[in-house]
Amino acid sequence: MSRQPEVNPARLLRSVADFAAIGATPAGGVNRQALSVEDRAARRLLAERAMARGFGVFQDEAANLFLRREGRDTALPPLLIGSHLDSQPTGGRFDGALGTLSAFEALEALADAGIETDRAIEVVAFTNEEGSRFSPGCMGSMAFARAGSMSDWRGAQATDGALLADELAATLDALPQARVRPIGHPISAFVELHIEQGPILEREDVPIGVVTAVQGTKWLEVAFSGEAAHAGTTPLEFRKDPMGAAAAAIARIQDDIMPADPEARLTVGRIAAEPGSINVIPSRVSFTVDIRHPDAATLAAMEQRVREECEGAGERWGCRTAIQQRVDMAPGRFAPSVTAAIEETCRALGIRCRPMVSGAFHDALFVGRVAPAAMIFVPCRNGVSHNEAEFVSDEHIIAGARTLLGVALRLSAA
Ligand SMILES: [Zn+2]
């Protein structure tokens, strides 16, 4: 006998609290960095809970963890739902964990109701989404989607000195119950629930964001080289001042790019002057530029604009200009079939939703390259994330989980 599956709010909230205790920080956040002892403990707890429910437990060579509830037709590729369990060093308790635990709640709700889905549903916890202990982030999902290979990253060194190869092996060994499977198995679709990490849903009082795209990102490093000289004795016409060039360039790009386009993002987050003395004109000033946009052509035009402004400023100040691109991540469009399933679910449940673009990148960006994918966002207080003060209300946690369960039911039908 089967009945309508329902999220169990008390169980889900308890589960969020249980996992927040693993790597808990005094200020109420979580320090559960990728492949650490704490990360292993969280993975073990999730695997134990899966086994207690009779779900299959698998991991691949990237230590991506999969919990599988079998479907009627075992030959069909499974529907994948989930997120990540690792955190920033001073992270919150919801980033990643909420998506993983809501997905697990959906599996439990289906099991409670005795529902047999056409295809299997698998919950995933992708390895190292955050990228703070080991670079790059989204390592597990990139390897899963063949956008990178673990063998390229095995030599990566953690901020604490540990080697990725060693920590990965220890993490895989910590779950001997998990069956090992080849990386990148076929899936029918992927749905990731995540906190918004921005202020829009809260400001508009909308409980669910239907994420239709992830904006593209480019990182540039701009360096102006001039001539170090005495601050007191060098008249203007003798100066080759890279700080003058940097200040002019930064002012121009800040004034132009974001005010002209509400979807554009530009951040100068780091600046360095050499030799860095109060009474010396610097010999070299470098700074970073992070630009983002959902449209690839517009993003390319933004980069061109930044380059032109910087080169012009360098010339005016008698400096050499060097610009290097450090990161070039193309925008990702999510699958209309999956975003439509999220919207239909919200409509059926009477939960308000709105389409939106993700400002941050996520595992779903990479998985979306190999299967139809989309994301469900829930509001977080003041848009704060990557912060111990990160907070999601119980009401929004439950609305998100109910939406994810409904979407999983729709998308697991053959
Ligand atoms: Zn996250």
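In which loop does leucine 35 lie? Leucine 35 lies in the loop between α1 (9-20) and α2 (37-52), where helices (H or I, at least four residues) and strands (E, at least two) are DSSP runs numbered from the N terminus. The model is predicted, so that local features need pLDDT of at least 70 and side-chain atom pairs count only at pLDDT 80 or more, while totals for chains, interfaces and linings use all residues. Residues are numbered from 1 along each chain as its sequence is written, and side-chain values use heavy atoms, with hydrogens and water left out.

**Domains and their interface**

- The domain assignment of the protein chain gives domain 1 (9-214 + 331-411) and domain 2 (216-329), the bounds coming from an automatic or database domain assignment.
- Taken over C-alpha atoms, the centres of domain 1 and domain 2 are separated by 37 Å, and the contact (heavy atoms within 4.5 Å) takes nine residues from domain 1 and eight residues from domain 2.
- Between them, domain 1 and domain 2 bury about 690 Å², 69% of it on carbon and sulfur atoms; buried area is the accessible area (1.4 Å probe) that two parts lose on being put together, summed over both.
- By class, the side of domain 1 that touches domain 2 has seven nonpolar, one polar and one charged residues, with Ala, Val, Leu, Ile, Met, Phe, Trp, Tyr, Cys and Pro counted as nonpolar, Asp, Glu, Lys and Arg as charged, and the others, Gly among them, as polar.
- Between domain 1 and domain 2 there are zero salt bridges, a salt bridge being a side-chain nitrogen of Lys or Arg within 4 Å of a carboxyl oxygen of Asp or Glu.
- One residue pair, both at pLDDT 80 or more, is in polar contact between domain 1 and domain 2; a polar contact is a pair of N or O atoms within 3.5 Å, where within protein one must be able to donate a hydrogen and the other to accept it, and residues adjacent in sequence count only if both atoms are side-chain atoms.

**Buried charged residues**

- Glutamate 108, in helix α3 (residues 97-112), is buried, with a relative accessible area of 11%, on a scale where buried means under 20% relative accessible area, exposed over 50%, and partly exposed in between (1.4 Å probe, protein chains only).
- The side chains of glutamate 108 and arginine 53 are joined by a polar contact of 3.0 Å.
- Glutamate 303, placed in helix α9 (residues 296-316), counts as buried at 10% relative accessibility, and a polar contact of 3.0 Å joins its side chain to that of lysine 218.
- Arginine 292, found in strand β13 (residues 284-293), is buried with a relative accessible area of 17%, and its side chain makes a polar contact of 2.8 Å with the side chain of aspartate 290.
- Although arginine 292 and tryptophan 219 are 73 residues apart in sequence, they are 8.9 Å apart in space, C-alpha to C-alpha.

**Backbone geometry**

- Most residues other than glycine have a negative phi, and most peptide bonds are trans.
- Leucine 35 has a positive phi near 65 degrees and counts as buried at 1% relative accessibility.
- Aspartate 205, in the loop between α7 (200-204) and β7 (208-214), also has a positive phi, of about 55 degrees.
- The peptide bond from serine 135 to proline 136 is cis, with omega near 5 degrees, and proline 136 is found in the loop between β4 (121-126) and α4 (139-144).
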